[in-house]
Amino acid sequence: MPARITTRDNIVFVNKHLTVQQPTARLFEVWNNPVGADHFATLRDTAASLQGIAAQARQAGVRARGLGGAWSISDVAATEGWLINTNAMRWTFDMTAATCAPGYPDPARLLFAQGGTQIAVCNQYLAARGRSLRASGASNGQTIAGAIATGTHGSGIATGAIHDAVVGLHLLTGTASLWVERQSQPVVSDAFIAALGATPLRNDAAFEAILVGLGAFGLVNAVLIETDPIYLLEAQRWRRPLDATLRNALNTLDFTGVGLPYPNERPWHFEMVANPHDLQNGVWITTLYRRPYRPDYPRMPPPGNGYAPGEDALSAIGGVTNWLPQTIRPLMTQLMNSLYQPYPPRWGTLGEQFRATTTRGASTGMAFGLPIARASQAMDVALAVQRQSGPYPSVVAFRYLPVSRGTMAFTRFAPMTAIMDLDGVNSALTRTYYDRVCQAMAAAGIPFTLHWGKHNTFLNAQRVRTMYGGALDSFLAVRRQLLPDPGMQRVFSSPFLDRCGLSA
C-alpha cells in the first residue's frame, strides 16, 4: 500500500535561519502508513513511494532533494525542482539479536531511525531506554538524516561528529534499495536487510562516501546509529584573558594554566568565544565534562532569554537585524554581555544541554575546519579583518573534535580538527566579512574546509578540489557506481552540488 503523499506546486522554500529563499516547482509531503504487526511492510511501502517520486523526477527531467529540518544556513538543501519533505517519517525501532549480524555484541546499543526523525525525538526515545546519542550539534532541531548528510559535527573532543556513530544506512537511489554498511564492521543480519526490501552493499569506501552524502546519492530512508549508556554533562562558563597560555591551548588542547575546573581531566567539550569588539575584557570559556548518570542530578534552569550551553553564538545575536556601522561595537558588546553570561556548574543529559529546537531571527554563521596547530593563526586572521575593514556584527568561536572517517566530512584534519565559527547577523555586511576572512585565510596559506550546512558561498569546484583532493575523486567514483544512469545522476544533483563540483 503506497504511503500517503500530498503535493504543493510553485512554492518558495525558506530555511529556518531565513538565509535561503528558493522558488521550487513542487513540494512532496510523505507520511508513513499506520504501523501494523509487520512494521517492515510499512517501511517497504514508504521506501517504494520515495522510489516512485524519484522515478517520476527522472521521467520529468527535474531534480529532487530530500528536505529535513531546513536547518542548514547554506543552500545545500535547496533545489529549483522537487523537494521531498521527510519530516513525517520519524519512526524509531529497537534492534534485536535476530536483526543483528552474528557476533554483534549488543543490540541494545543500536538506534534504528527513519531519516525524518528529529534529533530531539532521538534524544527522548533513547533517554526512555537509558541510552544517549554520542554527539549532538549545537541544537537538536535537525532531522537525523539531514544532520548526517551535511556533516553536523558537535564538539565532543573524544566522540567525533554525529555521523561518526552511524553504522548503517538505507539508501534509495531511484532504481535500487540498498542497505549500506562497512564490510569491516557488519552490523545487521541478511534477514533484516531482506525484510526492508533492500540489497546489501557492504563496502567501506562506499559507506564512507555516502555518510556525508549531501543528497548526491539518493534519499536516505533510515539510519542505524550506535549509542552510549545515558550520561550527564557538567557544564560551566567563565571569562578569562586571551593570553599566550590560552593561545597555546587553542593550538594543542594542552590546558595547563588555563584554569579549567578540573585541571587534571580533559573536558568532553571545550569552547572559546571571543567578541572582537570587547577583547580587553577577555573571552568566554565553556567546558562540559562527561559524568555517570544519576537520577537525582540538579535540573538545569528552564530556557529563557539567556544563552544556553549548546546554542551557537549566532542564535544569541540573531534577533538584531538592523545595524549602523557606528553602533556595531557597543551593541555587540551589550548583547553578548547580557546573553552570554558566565554560570556555575549545570548538569544535564546531552539532549538537555543541547536543547534548542528553534532559531532566533535572521542569523547566519560560517564554520572553518582547520589543522589544530593553525587555530590561533586563523583567529588572528579573522580578528585582523575586523580591525582593518570592520567593524562587522560577528563573533569568533572555537570548538574541537577528532578527524572524521566520512570522505567529504569537513572535519577532515587529523588527528584533531579545530573548528572556527564566525557567527553573526544575516546581513550584507556580515557576508562581506565572511568573504574577506576566506580570502585572507587563503592568502595566509592556512588549509581549511567549510561546513557544508553553514554559509559557504566561497566554495566552488576548484576550491573544493583543493580542499579535498583525492577524497573528492573517491566520492565521485562511488556516485557514478551507484547512479550509472546519467538521468538519475541529474535527479540527485542540485545547484549547490553543481557549484561545488560534487555532481560531475
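Q: What percentage of the 504 residues of the protein count as buried?
A: The structure is a predicted model, in which local features need pLDDT of at least 70, side-chain atom pairs count only at pLDDT 80 or more, and totals for chains, interfaces and linings use all residues. Residues are numbered from 1 along each chain as its sequence is written, and side-chain values use heavy atoms, with hydrogens and water left out. A residue is called buried under 20% relative accessible area, exposed over 50% and partly exposed in between, with a 1.4 Å probe and protein chains only. By that criterion, the buried part of the 504 residues is 61%.

Q: Is F492 buried or exposed?
A: F492 is placed in the loop between α14 (486-491) and α15 (495-499), where helices are DSSP runs of H or I with at least four residues, strands are runs of E with at least two, and both are numbered from the N terminus. Because its relative accessibility is 1%, F492 counts as buried.

Q: How far apart are the C-alpha atoms of F492 and A54?
A: Along the chain, F492 and A54 are 438 residues apart. In the model, the separation of their C-alpha atoms is 8.6 Å.

Q: What share of the contacts with a separation of 6 or more comes from residues 24 or more positions apart?
A: A contact here means heavy atoms within 4.5 Å. Among the contacts in the protein with a separation of 6 or more, the share from residues 24 or more positions apart is 74%.

Q: How many helices and strands does the protein have?
A: Counted as the DSSP runs described above, the elements of the protein are 15 helices and 20 strands.
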